[in-house]
Amino acid sequence: MKLFFHKVTNWEYWPFQVLYFPIYFLWAYYAVKARSIFFFNASNPRIKNGGFIMESKKQIYDLLPKKHYPKTILVREKSDLKDIVNLLVEKQIYFPLIAKPDIGLRGSGVKKIKTVSELTDYAAKANFDFLLQDLIPFEKEVGIFYVRSPLQKNGKITGIVSKEFLIVTGDGKSTIENLIKQTPRFELQFEVLKEEYGKELQRILPKGETLNLVPFGNHARGAKFLDGSDWITPELTKTINEIATQIPGFYFGRFDIMYNTFEELERGENFQIVELNGAASEPTHIYDPKHSVWFAWKELARHITYMYEISVENHKMGVPYLDYKVGMREYKLHLIQNNKIMNF
């Protein structure tokens, strides 16, 4: 009951359909103006479906400058373990590593893999193509939302979110389970953590020792999102713009980046791109607990307007909108894929 009231009284936990309900009307308005429900396809012409549905993470990585993202391999569904290991050796990717669905969202199916045994289990269960990646060595993570008109040389950063991971700190008396249950945000993740960590949750964590239970900054997996938009500087904008303009056909989306220090990130040093998200990107700084739902709706409307305007500009230059029949087929495939990942 405590967790139920926590979710009801904190809008950041509301179901997607409830939070986005007012935005559907704006989407309908833009769809009528564009004469296409699937106008988003033109926002990022080189990313499948603009990055809104059924986009492959591996194909997006292939568009990025290689020095800016971790070594990554694509593993096809039901691949032989020996072949997977050979690929890891060939690409010099070592444990621990990150496994995640090639087509997925909201952190579902993402797991830190520490041993061959864990990799064997993941590969056996996965009924989808997935990626294996080097573990990024940097501890801090931000999401940087970027937009650029196809008619302009330079874009802009429209929001930054900083992320606090699901980290517990030992007191020398409490089990990891008890530490998790001290914070409602963490306790909401308990069932998933119990499945992943099992008996390890009964271990008493020594006083002062910290444990990062989910080593990636995903809101749906317990990370706390904080609005860092006041970090936007001309130096950071220049760095992000230099990266973005190297990505063919990219105009709208969010870079999720792990980095060492903000000063180094501004200079374009010591960072790696965790993911680049396209048309389905959320301006995740809205999820800062200090913001009201009215602020969230305003920011969502602002960013969907950016996406619509970019799509229209690209369409005028010859980029087609997604055909209705093709779009509906892709959407149905998206629902099937999402169901697979959620039940993984």
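Here is a short walk through this structure, from its sheet to its aromatic rings.

The model is predicted, so to speak of local features a pLDDT of at least 70 is needed, side-chain atom pairs count only at pLDDT 80 or more, and totals for chains, interfaces and linings use all residues. Residues are numbered from 1 along each chain as its sequence is written, and side-chain values use heavy atoms, with hydrogens and water left out.

Let us start with the open sheet, where 5 strands follow the order β9-β6-β5-β10-β11 with antiparallel pairing. Strands here are DSSP runs of E with at least two residues, helices are runs of H or I with at least four, and both are numbered from the N terminus; two strands pair if DSSP finds at least two bridges between them. Because β9 (224-227) and β11 (271-277) stand at the edges with a single partner strand each, one side of each is left without a neighbour in the sheet. On average, neighbouring strands of this sheet are turned by 25° against each other, direction ignored. Further in, β5 (residues 140-147) and β6 (residues 156-164) run antiparallel and are joined by 6 bridges, and Gly143 stands opposite Val161 in β6.

Across β5, β6, β9 and β10 (252-259) lies helix α12 (residues 293-316), running at about 135° to β6. Contact means heavy atoms within 4.5 Å, while axes are lines fitted to C-alpha atoms, for helices over the stretch in contact, with angles from 0 to 180 degrees between N-to-C directions.

Now to the rings: the whole structure holds 24 aromatic pairs. Rings of Phe, Tyr and Trp (its six-membered ring) pair if their centres lie within 6.5 Å; planes under 30 degrees apart count as stacked, over 60 as edge-to-face and the rest as tilted. Tyr61 and Tyr69 are stacked, at 5.2 Å centre to centre and 25° between the planes. Tyr146 and Phe255 have ring centres 6.5 Å apart and planes at 70°, so this pair is edge-to-face. The pair takes us back to the sheet, linking Tyr146 in strand β5 with Phe255 in strand β10, 109 residues apart. Both Tyr146 and Phe255 are buried, where buried means under 20% relative accessible area, exposed over 50% and partly exposed in between (1.4 Å probe, protein chains only). Tyr61 and Tyr69 are both buried too.

Finally, charges meet rings: the charged end of Lys181 sits over the ring of Phe190, 4.5 Å from its centre. For this, NZ of Lys or CZ of Arg must be within 6 Å of the ring centre and within 35 degrees of the ring normal.
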